[in-house]
Amino acid sequence: MNIKRVNFISALGLIIWAVWFGRLCWLQIFCAPYSKTLAKKQHEQRIGLLSERGKIFDAQMRVLAFNLKGKRIYSYLTSRESGQYLAASILGTVGKDGEGLGGIEWEYDAILRGENGWAIFQKDASGKPHYSPEYPQRIPKAGMDLILTLDIDIQSTAQMVLKETVQKFQAKGGTIIIMKVKTGEILAVANEPLSPLKNQAVEEVFEPGSTFKAFLLAAALEEKVLNSSDSLYGANGQIIIAGDTIREAEGHKYGWLTLSGAIEKSSNICAVEISKRLGPQRIYQYARSFGFGCRTGIDLSGEAEGFLTTPETWSIVKTANISFGQGLSVTPLQLACGFAALANKGILIAPRIIKAVRNGEIVQESSPLPVRKVISEETALKVREILVKVVEQGTGIRAKVEGLQIAGKTGTAQKKAEGQKSYAKGKTVASFAGYFPAEDPLLVIVVIVDEPKSGGSGMLVAAPAFKRVTEMILSQLSQEKIQISNIKNQNLKKMEREEKELNF
């Protein structure tokens, strides 16, 4: 054989061997991690493990929301057909991805959701995964539970009365808020229409109308520009200010009235006279101090701050209008907090919806948070005396409950025509805000009814709803006391029997 051919074949073989050896080294050494990963992918599968979303309880530890087979369940349905549930606007809901949408579910999503985990499963020849404890995993961490200040029985009462009131007066909607005076704990927030994605109590604003006169009264007494027995002239139901005519509601014509009488009868003309004594700066100062024009800080999404311009922008006419609740806007919750301050010896308390957070045991608990002292206790007592007369013999008489002293104020505000500065004819917001028992206030209740048919007033529409809610709550509280008393008596009798048996 030709030696050159032999050398060529040998060299070619050496090259082929070198290439093959190099390729083998490349695969075994440099590509090993990749090959290992690829092999693992073919034989292993990483599966996500969803965490258990935390429960939501009411103040009596009744479950309002929980998870079942990955689905969020709300315990208290208003009707099975509609799928609506009590306190929906407070609770919110969750989306398909398990994340909170609206209300508490959104605001506290990070706490409720917990942390997802994962596990590695081994695939068999058919590709079906099987769990193996030898493979690494991360156990999902369950979300924490929330305990709310809500009482679902009181919530149910508020929702029922509101719905019936809205239907009776063919209204556009409404809100009822029930709050503890001394602690700021929200016991109920009813909205109509009911939606888990909208909470009118904190998101919607309205002109407070004559309910604002309660705060004008407080400012006048605190600043000592008037006292309860001072007289104001009602001008027979009509005055002209800077070319604008201001009239009493429903054509009333009053002459001289005491300050107390002016509030009892809800005189607009007398409110204007009070505003003249106070002036724009002091009216604004007290309105802000009572919490108007700023958010309350409640743990709910979408809270509006209301509308209250600075006094430098107020004309003589605007100052007059603000005195009887036109030209500013508030949320129902702001109005509730303001009346709670009147009831709480002049101290404004921040509203609360979260009572505690727990992870097996309580890890965080809320407590009452005083914001500021707005008026003196002496002034608060004087305001209370006049607001009691409003219910006993004034415009709030339809809110009167026999055997219970209530302090409150009616409101009837015209609504602005959509897209215009003028007011729409026949469209009103009827309201009543009050607290009881007046001598030692426990609860404040605010009732708002939006656009009742034929421009219904706070006296005719909202005050009766306040009365009904109050009577039903008192009945519930009485039943609870009876039940507690019965349990105590049963325990006492049991102890007596056991003692007799031991003595025997």
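At what angle do helix 8 and helix 13 pack, and how far apart are their axes? In this predicted model, helix 8 (residues 213-222) packs against helix 13 (residues 332-343) at an angle of about 35 degrees, and the two axes are 11 Å apart. The helices cross in a left-handed sense. On the side of helix 8, the contact is formed by A214, F215 and A218, which meet L335, G338, F339 and L342 of helix 13. Sorted by class, the residues of this contact comprise six nonpolar and one polar, with no charged residues.

Aromatic rings were examined next. The model contains ten aromatic pairs. One of these is formed by F215 and F290, with ring centres 4.9 Å apart and planes at 55 degrees, a tilted arrangement. F215 belongs to helix 8, whereas F290 is located in the loop between helix 11 (280-289) and helix 12 (316-323); the pair therefore ties together parts that are 75 residues apart in sequence. Both partners fall below the 20% limit for burial: F215 counts as buried because its relative accessibility is 3%, and F290 counts as buried because its relative accessibility is 1%. The F215 ring is also part of a cluster in which ring pairs link F212, F215, F290, F292 and F339.

An open sheet is built from six strands in the order 4-3-2-10-18-19, with mixed pairing. Its edges are strand 4 (71-74) and strand 19 (361-365), each of which pairs on one side only. Within the sheet, strand 2 (residues 56-57) and strand 10 (residues 145-148) run parallel and are joined by two bridges. I56 has L146 of strand 10 as its bridge partner.

A separate site concerns S454, a residue of the loop between strand 23 (443-450) and helix 15 (458-503). Is S454 buried or exposed? With a relative accessible area of 69%, S454 is exposed, since the class begins at values over 50%. The C-alpha atom of S454 lies 9.3 Å from that of Q170, although 284 residues separate the two along the chain.

Methods. Residues are numbered from 1 along each chain as its sequence is written. This is a predicted model: local features need pLDDT of at least 70, side-chain atom pairs count only at pLDDT 80 or more; totals for chains, interfaces and linings use all residues. Side-chain values use heavy atoms; hydrogens and water are left out. Axes are lines fitted to C-alpha atoms, for helices over the stretch in contact, and angles run from 0 to 180 degrees between N-to-C directions. Helices (H or I, at least four residues) and strands (E, at least two) are DSSP runs, numbered from the N terminus. A crossing is left-handed if the near helix is turned anticlockwise from the far one by less than a right angle, and right-handed if clockwise. Contact means heavy atoms within 4.5 Å. Ala, Val, Leu, Ile, Met, Phe, Trp, Tyr, Cys and Pro count as nonpolar, Asp, Glu, Lys and Arg as charged, and the others, Gly among them, as polar. Rings of Phe, Tyr and Trp (its six-membered ring) pair if their centres lie within 6.5 Å; planes under 30 degrees apart count as stacked, over 60 as edge-to-face and the rest as tilted. Buried means under 20% relative accessible area, exposed over 50%, partly exposed in between (1.4 Å probe, protein chains only). Two strands pair if DSSP finds at least two bridges between them.
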